[in-house]
Amino acid sequence: MTKPHQMLHLLLGMLLLIAVAPSISEGAISSPYKKSKSQSTAEASTRGTSSAVFPLSGDVYPNGLYYVTMNIGNPAKPYYLDVDTGSDLTWLQCDAPCRSCSKVPHPLYRPTKQKLVPCSDPICSALRQCEAAQCDYEVQYADQGSSLGVLVSDAFTLRLTNSSTVRPTLTFGCGYDQQLSNPNAPASTDGVLGLGGGKVSIMSQLKDQGATRNVVGHCLGRNGGGFLFFGDDLVPYSKVTWAPLSLRSKNYSPGSASLYFGGKSLGVKQMDVVFDSGSSYTYFTSQAYQALVSAVKSDIGDKLKVASNDPSLPLCWKGQKPFKSISDVRKYFKSVVLSFVNGKKSLLEIPPDNYLVVTEYGNACLGILNGSEVGLKDFSVIGDITLQDLMVVYDNENGQIGWIKTACDRLPNADSEGAGFGLDGLCRDILNEDCNIYSALFG
């Protein structure tokens, strides 16, 4: 992390699994986990596939991330997980015992030996050759953070839109050695929810167990909050702008795009793009970034002055008096547009609201950064700031990614192609215990 509220959790390269970590300590062992019939994979598959919907917390500024509460274990305990479509592995900071952990919102997850994933497990064997008794891992992210630990399996409690509750046993990382930019600072979350398309991803596991279809989506509220969903019940397929997923990328990429500002081409036509909810801001390749900054500065002229004393982001502007909100400043800026080559009229319009931040100093700062400064050379990352008030759908079933403008402070109704519902239906049918949370978030 290069700034206090700047995250880039895109996974660098492939998941690294290593076999040098120590075995889980006997001191961390509690009573054995026993799976009941209600928690079995068989039950999940007999119910058929449905969707699960979760409220989100957090924002782009000043928190720099969106996170979801996941209930894990038996009995289930809550954990805050950073919603990350840029990586596959889900992991929790873990008392195994912990070698290097930061202060997290909840007590550290404590594994038992019965929950260890053996080398023979398909998830482990699909990733690496393993000859030890346990499947160790290490993940490294573009913001220089990392997690080292061991794979474990435990129950996740999911309330589905078909009025059922399932508790599939899913594999995730028990991280007992985290390297963070500021390890002494309290962490906002207990770990990371990896929602990529790989076999170790939670979505792939839920698909394999028949709990949901391999479709995940999020709606990040401009004023904070929003919602996350597994499955496709909420997806208004005919209204979404779709682009096929690029086969050249291991991440969620709609392929290459041309870049426009204010309706004019910036001369960038082969810009490979990745969508990543684990990134606070958007990162362009050096060429695209320089072209955009030049166009923005030229268009603003002397209407605003550069604010050189604002540490929030690299490029900020100030007015005659401090700005209070984006509404005070959007008239000075024009929309950025990405036109994707592979989609049919697949345009992603990025209005000023989706690339500017008004900071605590009253300045308007550019939330599109130079990716080369954080090690991104060949592709651009579309992060949370640009994804605000969009429903973004990662459809692994049909190999496509889609987006549609919507207010993320309430659940949308899907068209006739889906089983749409609103807050009333959720509270009446499937989320009785969480209706106070949903009412606060969605009104």
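Analyst: Let's start with a cysteine pair: Cys124 and Cys135 are joined by a disulfide, with an S to S distance of 2.1 Å. The two ends come from distant parts of the chain, 11 residues apart, with Cys124 in helix H2 and Cys135 in the loop between H2 and E5. Both Cys124 and Cys135 are buried. Keep in mind that this is a predicted model, where local features need pLDDT of at least 70, side-chain atom pairs count only at pLDDT 80 or more, and totals for chains, interfaces and linings use all residues. Residues are numbered from 1 along each chain as its sequence is written, and side-chain values use heavy atoms, leaving out hydrogens and water.

User: What is a disulfide, and how many does the count come to here?

Analyst: In general, a disulfide is a covalent bond between the sulfur atoms of two cysteines. Here the rule is a pair of cysteine sulfur atoms within 2.5 Å, and the count comes to five disulfides. One of them joins Cys98 to Cys101, S to S 1.9 Å.

User: What does the S-S torsion say about the Cys219 and Cys408 disulfide?

Analyst: The torsion gives the handedness. For Cys219 and Cys408, whose sulfur atoms sit 2.0 Å apart, the torsion is about -75°, so this disulfide is left-handed. Cys219 belongs to strand E11 (residues 215–220) and Cys408 to the loop between strand E27 (400–405) and helix H6 (423–429), so the bond ties together parts 189 residues apart in sequence. The Cys98 and Cys101 torsion is about 115°, so that disulfide is right-handed. Cys124 and Cys135 have a torsion of about 95°, so theirs is right-handed too.

User: How should I read "buried", and is Cys219 buried or exposed?

Analyst: Buried means under 20% relative accessible area, exposed means over 50%, and partly exposed lies in between (1.4 Å probe, protein chains only). Cys219 has a relative accessible area of 0%, so that residue is buried. Cys408 counts as buried at 1%. Cys98 is partly exposed at 27% relative accessibility, and Cys101 is partly exposed at 27% as well.

User: Which residues does Cys130 touch?

Analyst: A contact means heavy atoms within 4.5 Å. Leaving aside residues up to four places away in sequence, Cys130 touches Cys119, Cys124 and Cys135. Cys130 sits in the loop between helix H2 (122–125) and strand E5 (136–140) and is buried, at 14% relative accessible area.

User: What joins the side chains of Asp136 and Gln134?

Analyst: A polar contact of 2.9 Å. The term covers a pair of N or O atoms within 3.5 Å; within protein, one must be able to donate a hydrogen and the other to accept it, and residues adjacent in sequence count only if both atoms are side-chain atoms. Asp136 lies in strand E5 and is buried, with a relative accessible area of 1%.

User: How do strands of a sheet pair?

Analyst: They pair through backbone hydrogen bonds, either parallel or antiparallel. Two strands count as paired if DSSP finds at least two bridges between them. E22 meets strand E23 (residues 364–366) over three bridges, and Leu356 stands opposite Leu366 in E23.

User: What do E20 and E21 form?

Analyst: A hairpin with six residues between the strands, and Lys345 in the turn has a positive phi of about 55°. Four bridges join the antiparallel strands E20 (residues 336–340) and E21. Strand E21 (residues 347–350) has a covered face, Leu348 and Ile350, and an uncovered one, Leu347 and Glu349.

User: Which residues of helix H4 are buried?

Analyst: The general idea: an α-helix has 3.6 residues a turn, so residues three or four places apart point the same way. In H4, Ala288, Tyr289, Leu292, Val293, Ala295, Val296 and Ile300 are buried. Seen down the axis, these buried residues fall within an arc of 165°, so they line one face of H4; the arc is that of the directions from the helix axis to the C-beta atoms. Gln287 and Ser298, on the other side of H4, are exposed. Just after H4, Gly301 has a positive phi of about 60°.
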